[in-house]
Structure formats: C-alpha cells, structure tokens
Amino acid sequence: QVQLVESGGGLVQGGGSLRLSCVTSLSRYTMGWFRQAAGKEREFVAAIARSGGGTVYADSVKGRFTISRDDSQNAVYLQMNSLKPEDTAVYYCAASRKSIYNTDAVSFVFWGQGTQVTVSS
C-alpha cells in the first residue's frame, strides 16, 4: 500500500522557520510539495528529482524554501525560512513518475493527507 505521511506543520510567526517531513513507502520517484490555501487552488511549491539530481521551485518560495530527500530513509523534507502570512496553507507531499519540470498537479500520482502551516503576522 502506497503511503505518504507528512509532519512538521504548525503555527509560526512571520519571519520564522518550519521544516516539513514526508515519509513514504515509495522509492525512485520524483517528489514534490504543493500547498493549498483556503479558497484557492492547489499550487506547486517545489520538486526534487530521484536521487536528488535536481530541484525546482515556485518563484514565490525561491530563496526561502529548500527541498531535500534522504533516500535511505525514504523521506523528503521542505525547509521553510523567512515565512510570510501568505505561506499559510495545507502543505501536501506528492510523488511523480515524471521529470521535475512537470510541475502540474496532475503529473503527481500519489499524495499525502496534508499538514497545516499557519504563519501569523
């Protein structure tokens, strides 16, 4: 059974940091993070290639967020720094069989249940 389990969300003040984790039963997949704010569509945040061979970020998080993976642990991480209130959303871990440059949600075939991140002003 495929599993992706996120953790690490919470409430943080603006300018603060959080680290999200995703433990998965999958291996050798492109892994990504998406987020969905209340009343908005799900949007791409970041993706990392199999074996960490490359990364891609949404412009809105570039320079503030870092995606990484530890294949020995089947885990993916999202380090979020300099958080802003507009980063408030449910964050989802997802897996894709496609290139990291396929950042649309339909390219990702497996999804976690999400973890809430709330940034106060």
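The following questions and answers go through a predicted model.

Trainee: What should I know before reading the values?
Mentor: This is a predicted model, in which local features need pLDDT of at least 70, side-chain atom pairs count only at pLDDT 80 or more, and totals for chains, interfaces and linings use all residues. Residues are numbered from 1 along each chain as its sequence is written, and side-chain values use heavy atoms, with hydrogens and water left out.

Trainee: Which residues are joined by the disulfide?
Mentor: A disulfide is a pair of cysteine sulfur atoms within 2.5 Å. The structure holds one. The S to S distance is 2.1 Å, and the pair is Cys22 and Cys93.

Trainee: How many residues apart are Cys22 and Cys93, and in which strands do they lie?
Mentor: Strands (E, at least two residues) are DSSP runs, numbered from the N terminus. The disulfide of Cys22 and Cys93 links distant parts of the chain, 71 residues apart. Cys22 is in strand β3 (residues 18-24) and Cys93 is in strand β9 (residues 89-96).

Trainee: Are Cys22 and Cys93 buried or exposed, and what is the angle about their S-S bond?
Mentor: Buried means under 20% relative accessible area, exposed over 50%, and partly exposed in between, with a 1.4 Å probe and protein chains only. Both Cys22 and Cys93 are buried. Their link is left-handed, and the angle about the S-S bond is -75°.

Trainee: Which residues touch the most other members of the largest nonpolar core?
Mentor: A nonpolar core is a set of buried Ala, Val, Leu, Ile, Met, Phe, Trp, Tyr and Cys residues joined through side-chain atoms within 4.5 Å. In soluble globular proteins, nonpolar side chains tend to be buried together. The largest core here has 35 residues, and those touching the most other members are Trp33, Leu78, Met80 and Tyr91. Strands that each supply at least two residues of this core include β4 (30-36), β5 (43-48) and β11 (115-120).

Trainee: Is Glu6 buried or exposed?
Mentor: Glu6 is found in strand β1 (residues 4-7). Contact means heavy atoms within 4.5 Å, and beyond four places in sequence Glu6 touches residues including Cys22, Trp33, Tyr91 and Cys93. Because its relative accessibility is 5%, Glu6 counts as buried.

Trainee: Which backbone nitrogens lie by a polar atom of the side chain of Glu6?
Mentor: A polar contact is a pair of N or O atoms within 3.5 Å; within protein, one must be able to donate a hydrogen and the other to accept it, and residues adjacent in sequence count only if both atoms are side-chain atoms. For the side chain of Glu6, one such nitrogen is at 2.8 Å and belongs to Cys93. Another is at 3.1 Å and belongs to Gln113.

Trainee: Which backbone nitrogen does the side chain of Thr115 reach?
Mentor: Thr115 is in strand β11. Thr115 is buried because its relative accessible area is 11%. Beyond four places in sequence, its contacts include Glu6 and Tyr91. Its side chain reaches, at 3.3 Å, the backbone nitrogen of Gly9.

Trainee: Which backbone oxygens does the side chain of Arg69 meet?
Mentor: Arg69 is in strand β7, and it counts as buried because its relative accessibility is 17%. A polar atom of its side chain lies 2.9 Å from the backbone oxygen of Tyr29. At 3.4 Å the side chain of Arg69 also reaches the backbone oxygen of Ile48.

Trainee: What is the volume of the largest cavity?
Mentor: On a 1 Å grid over the protein atoms alone, a cavity is a set of points where a 1.4 Å probe fits but cannot get out, and lining residues have an atom within 4 Å of a point. Grid points are joined across faces, edges and corners, and a volume is the space filled by probe spheres set on the points. One cavity of 30 Å³ or more is found, and its lining includes Arg28, Arg69 and Asn74. The volume of the largest cavity is about 60 Å³.

Trainee: Which backbone oxygen does the side chain of Asn74 reach?
Mentor: Asn74 is in the loop between β7 (65-70) and β8 (75-80), and it counts as partly exposed because its relative accessibility is 23%. Phi of Asn74 is near 50°, a positive value in a residue other than glycine. Its side chain reaches, at 3.3 Å, the backbone oxygen of Leu26.

Key. Helix = DSSP H or I, 4+ residues; strand = E, 2+ residues; numbered from the N terminus. 1 Å grid on protein atoms, 1.4 Å probe; cavity = no way out; pocket = protein on both sides within 12 Å on 5 of 7 lines; lining within 4 Å.
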